[in-house]
Structure formats: structure tokens, C-alpha cells
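Please keep the sequence and the 3D view at hand.

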Amino acid sequence: MLENTGIKFLDRNPPAHSVDEVRPFAKQLYGVEGRFRALPSERDQNFLIENDDGDRFIFKVANISESEAVIDFQVGALRHIATTAESVPVPRVVQSKRGDYAGKVRFQDNQDHIVYLLTYLDGTLLSDAGASHNSALRRRLGELMARVDIALRGYFHPAAAQEHPWNLEACARLAALCEHIENQDHRSALLRVFERMEMVVIPRLLSLRHQVIHQDAHDDNVLVDPTNPTVVTGLIDFGDLLYGTLAAEVAVACDGVSHGSKDIVTPACEVVAGFDSVLALETDEIDIVFDLVCARNAMTATITAARSALTPDQPAHTRSPLRFIEQLRALQSVGGTEFSRRLRAACRFPARCPASPNEALAREEENSLIDARHSLMGRKTTHFYARPMHFERASGPWLYATDGHRYLDCYNNVPQVGHCHPHVVRAISRQAAALNTNTRYLYSSAIEYASRLTEKLAPHLSACVFVNSGSEANDVAWQMAKLVTGRSGAIIMEDAYHGVTDVIRQFSPGRPGVTLPSFLQGLIVPDPYRGPYREDDADGVEKYVADAHRAIAALQDSGHGTAAFMIDSAMCSSGVPKVPGGYMKGVEKGVRAAGGLMICDEVQSGFGRMGQWWGHELHDVRADIVTMGKPVGNGHPLGVVVTTDEILNLFIDKTRLFSTFGGNTVACAAGNAVLDVIEQENLIEHGKTMGDYMRKEISRLAGKHDLIGDVRGHGMVSGVEFVTDRRKRLAATQETSRLLEIMRRQRVLVGSEGRDANILKLRPSLVFQAEHVDRFIDALDRSLAAL
Ligand code: PMP
């Protein structure tokens, strides 16, 4: 039977030599003499030797079935740790007088056993420490296991792949031994665990980080300081050493501390948090720990039962299998989702996004989040869609909702280079791990960033101020304009949006017709589709420009004068109108004649959004001040004001402006990484191609859906205007609002814009591929048909 399973050491048969027999070998090989005491062991025979000087050693007589290669592997690991991590408390291997570290000796029964000598580590076994089991200690244990694994990282030995009964990755073959579990319910429970391991878990394990691991950090192998029970003084017993996953190391340690505890999750969280603080775990590793802890218990139950059945004459090594079956039950009643959620929270991993749809559970979670949000963030907090969406993960153009579905993001222009772009994420995290400080100190990344950014602009735009948001950038720009011109009035679009600070809120009336303060004048949106002067009006441009002249004159009359024209080059809040050629230049001319500056708000239109680096260049205007936000850090907060050397120096001299977080080292790392990606992935060119393709496809749909009145945009920003009557161009406000909800059901996210909220606003990331455009078009087609 034992042979049939192919599992070694089920028949433990530990050596049973007398002290008198062993004593001469210790003396002859190592010159060690003293008092001998036999210690318990699962497979070997261990003796504690204390000599007259008080030095203590462990003399090990290996199991008869143990191969020289396996002992060489274990001894080699201990010697490797001694070299790579001297402070890691594991036994040292003593060199014999023969010059080796382990060798065979022949005992009186004519049997050859490998013997070796280890130094003794002080401390009490954790299993004997009883009450001293505490959370600080469990954290230390996690840390120690991580230190051991770091120390073993470069170690390999041919015997690392030995066959081993405790190998979690081979646990499925233990199913053959489940017949020794008498209770049928128990047996089925164990078989289910082994089956899940074989079918689901092991295939996943195979791509996780593997190395030589200790894999046996239970409380009989961990030593603690009896006088200070938060200190782990040693890790012993390298008999289960093998090539496995780091997740298995963690799982075994979690299992070791969870037994006997009413709350089995908290001790595991402490061990995992300790491990992760030294050796960062990967998401797939932390999420697999639960299954491995279950498997470990199933293995222990099965091996224990099989051993008692197959070798009834040998003393039981562990207590009854029942204990492990009960532990398995307790784990299963917590459940993998909750267990992983707790482990993740302990290590500050983001919340888990389920891989498979469970809409009912997702709804329940959404409801409790909404309730909490109302009480913590105010009842009037805004959210998209009638039923808000809950996301915990994103990648490239996709957002993954907790209902298990992925949604195509055609709306959010912040992740310009795609959600969670790995290059940007790594740059942020590497910089955060090295230094995060402010621009009152010198550091190279701010300079590198400022110089790369200004190189992308016209030569006169050569000086930067770093802030944290688009609003702040516009606020600073406005302060600059007032200071430089000595004037106090500004012109804006009548439905502009520029941000949230006290003054910039006033630059953001949102809707035409809102009464503006006397220092602001709103311009009629130059919209040739539904504006007052349409594409068929030969004098349309002049009429729109005349409105700017009116505004400038009004500012003159009110005594403010024109300090600036603040303009979003994409005119996003106006629904991305097809601005007639010559309009911007015409307004600029008037502004300059009045002594004002051009503040080009590139928060929406910058960084390649409009098919070239900057939107204002598309309109062929000269910017005095450029403001940036949103995509600058691909989601990491960073706002920038770029202007001339002269304006900046004048401004800094007068204001001594300093923003604590603006342009900090991490923000600059994000900014630099975004530029890297845009350049390396040729995203501006790509976005232009994709945007053109998208508009072409939408225009094609206009052939079958009358609701589509106008399609316009540049690069990756588009406006699609919906009308109920193409001739009269009546706004399809209700239909647009319904369409957004239907598109959501098609798992495509879009937004609406414009004074009548009848314009589809599309700003997908620049990494969109043709297949994503096709998916969007398909959803739009279906949604329009379903209206
Ligand atoms: N300017 C424009 C054109 C914007 O669209 C926005 C944000 N939507 C802002 C400024 C303000 O940026 P933030 O929200 O980062 O303050």
C-alpha cells in the first residue's frame, strides 16, 4: 500500500539508537562530548549534547530512507543562509574533523545512517510557550519566514524537487489514502479539497513564484524568547525543505498559528502582514493562501489517519486527524472570500474584485457602500448612473466592476495612457519607496520633468510651477495674469468649466445664462451646429468674434479691463464643438489689443488628447500661460502651470508661491513615466488614428440612426450630438440620458455634455485599439436601436 501511493515517509520508522551507540560518533567526528538527551522528531533521531563549557549542539541521525542528496540539500540550505543572512536565527552546521558537513556512519545493527551536527538555538518552543502566543510574536514569525525565504532565494540543489509527503503541490495524490478516514462525511470533505487543489488551485500555483522554502513553520519548529515572548529566537527543522511557492510558506505558517484559536483569521492576518512587510506578496499569492491552508489541514488529517492505520505499532506523531478536519471546517465556514479579504486588508492590498459574476452579492455591497457614503460623505454626493457603479480594479481601457463584469471606459480622460499602466504604477511605487519630498529641496526628477515638458511646448513657454490639480493651476494662472497685466477682468466661454477654487468656480458657470460677476464676461459658444450662427452662415466666424469684442468692451466699461481669456482648447463643457477656423485667432487678436493674456487650459485637451501634444496649437494661438491637470500623472495628482520665464519670475517674486505637494518626487515620477509611455508607445499618432476611425464608424451609424445629428472632435475627444429632429436640430435630452443607462447595460461607459445634455462626450484612453472602438460602436448601435 505504501509503495502504491509512491509517498515516502508515511512509514516514518525513525532511527532508535541508544545514547551509548551515538556518543562515540559525536566524539570521533566532531570532538564533541558531554551530556546527551534524546529529543522528539518525526522522522530522524535527534540528541541534545551539552559539553562542560555549556556549549550545546544537536546531533542528528537521519532516517534510514533519507538519501545523501536530501541531507546535502538541507545542510546546504543552512550553510547558504549562514552566508547570505547571518542574522537569520537558524542552526549552523558544524564541520566534521573529516572536513565534511554530513557523513554516513555504520551503527551496530549494520545499518548506515547519515549523521550531522548543528549548533543549538536558545529559546522555548512556541508550542510550549502557551500563553505567550501573541500578535506581535505572530508578526515576527511572518517576518522571520520572509527573511528565511529572502536568504534562500538564490539557493538550488537537485534534491530540491524531491518527492515529499508534505508537498502541497502534490497533495492530490493523498486522495488515495482517504480510505483510512472512517467517517464518510469527513472523507468526502477531504476528497473535495484534494480535487479542488488538482483542478483549480495547482494549475494557478504553477505560475506563482517558486524557490526553496522551509515549509514547516509550525509551533514545534519555532523558538521564542521565554523572557520576552514577542521575540522569535529561532527556526529549526529543515526536514520539509523543498522547492515550492512562497504562498505555501505563508500558508503553512498561517496554519501553524491558527490552530486552537477561536478566531482563526486574525492570527493568519498577523503572520501574513509580517511576511509581506519584509517580502512583498503578489496579489495572486495572497489570494491563494486560503486554499493552501485548507489543503494543509486536509493533508495533515489524511497523513495522520493513514499512518495510524498503516503503522499501528509506531507512536502517533500528531494528534488525531479530527482536529485537522475541524480546522478545515472552521476555515470553510469563514470562506475563501472573507479570508482573502481580511488578509488583503492586513497588507493594504486593494479590495478584491471578484473574477466571476455574482450580481446579488455586488448589489448588497453597493447598497451598504451607498448608505455609508451618505452618512460619511454627505447625502448629496454625486455619482454617475441611476445605480452607482462599484469598481475596485482597472487595466488599460477596462474597468472591472464588483458584479464580475468588465466595462469599456470611453469616458475617463484621466488615465490617458490606460488605467493602471504598469510603467506609471512602477514609477510611482519605486519613487514612493525611495523618497517623497517637496520642491524646497533639490532633486533631479523635477528638473527632468520640467525640462521634458517644456521641450514639448513653444520655446517661449519655458518655466513651470507645479501644483496638485487643474483648478489650482488655473487659479495660479489667473493670479499671474492679473499681476502681469495690472487688469482684473477675464473672458471665458459662457458654459466653461475650469475648476473648484473660490475664484475659479466663478470661471465655471456650467450653463449659459448664469449671471457672472462683473469681472467676467461669457462668450457665445462658437458652435456651428446648434449655436446662433451656423455652418451655413458665411459671416458666422466674424459674428462669434464680434461677441468677444463685445465682452472685451464690457470689461473695459466696467473698469476691469481684460487680463486674460481663459479657454479650454477642447471646449469639452460646450460639447466639443467644431470651432470654426479663424475664430480663436480672432478672439486672441482682440484680447491682445486690450492688453490681455491667453490662458490655455489644457486640462482636457493636453498630452495628445486632440491628436497632437496641445489643443491650443490646433487653433494656432500663442499661449502666454498653459495649465495642465487630469492626465498629467495618469491619475496621480499633479497640476502644472507653464509660462514664460519673465511671467514666472515676476509672479514668484511677488507671491513666493509654494505648494507643499505640488511637483513632489512621486508626482514627478508619475509625470515622467506618462511622458515615457506616450513617447514609447507612439500614443499621439495612435490616438489620432483611433479617434478618426471612431468618428468614421459613428458617422456610419448615423446612416441608420436618425438620432445622431452631428459627429465631431479631434484625436481622442469626440462629441456626438443627438437630436430628435435633424432639420430643426432639437436636442434629444431625454434620449441621451436613457442612452447612457442602456450603454451601461452594454458594459460601455460614456458621458453626456452640453447645455441641453444631449451630446455624447467620448474621451477614451489613448491606448484604445480598433477592437475597443468596434466594441463601442456595437454597443452604441444596439443601444440606439433599443431606445
Ligand atoms: N479645467 C478643465 C477644462 C477641466 O475640465 C477641469 C476638470 N474637469 C479642470 C480645469 C479642473 O481640474 P481639477 O478637477 O483637477 O481641479
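Buried means under 20% relative accessible area, exposed means over 50%, and partly exposed lies in between. Cys420 has 47% relative accessibility, so it counts as partly exposed. The model is predicted.

**Cysteines**

Cys668 has 0% relative accessibility and therefore counts as buried. The closest cysteine sulfur to that of Cys668 belongs to Cys464. The two sulfurs are 9.4 Å apart, too far for a bond. A disulfide needs two cysteine sulfur atoms within 2.5 Å. How many disulfides does a search of the whole structure find? The search finds zero. For reference, a disulfide is a covalent bond that joins the sulfur atoms of two cysteines.

**Ligand shell**

| Residue | Protein atom | Ligand atom | Distance |
|---|---|---|---|
| Gly470 | backbone N or O | oxygen | 2.9 Å |
| Ser471 | polar side-chain atom | oxygen | 2.4 Å |
| Asp601 | polar side-chain atom | nitrogen | 2.6 Å |

On its own, the ligand has 390 Å² of accessible area, and the protein covers 82% of that.

**Aromatic pairs**

A pair of aromatic rings is described by two values, the distance of the centres and the angle of the planes. The structure holds 17 aromatic pairs. One of them joins Phe607 and Trp613, with ring centres 6.2 Å apart and planes at 65°. Planes over 60 degrees apart count as edge-to-face, so the Phe607 and Trp613 pair is edge-to-face.

Are these two residues buried or exposed? Phe607 is buried, with a relative accessible area of 0%. Trp613 has 19% relative accessibility, so it also counts as buried.

Phe607 also pairs with Trp614. Here the centres are 5.1 Å apart and the planes stand at 75°, so this pair is edge-to-face too. Phe607 and Trp614 are both buried.

How values were computed. Residues are numbered from 1 along each chain as its sequence is written. This is a predicted model: local features need pLDDT of at least 70, side-chain atom pairs count only at pLDDT 80 or more; totals for chains, interfaces and linings use all residues. Side-chain values use heavy atoms; hydrogens and water are left out. A polar contact is a pair of N or O atoms within 3.5 Å; within protein, one must be able to donate a hydrogen and the other to accept it, and residues adjacent in sequence count only if both atoms are side-chain atoms. Accessible areas come from the Shrake-Rupley method with a 1.4 Å probe; for residues, only the protein chains shown count as cover. Buried means under 20% relative accessible area, exposed over 50%, partly exposed in between (1.4 Å probe, protein chains only). Rings of Phe, Tyr and Trp (its six-membered ring) pair if their centres lie within 6.5 Å; planes under 30 degrees apart count as stacked, over 60 as edge-to-face and the rest as tilted.
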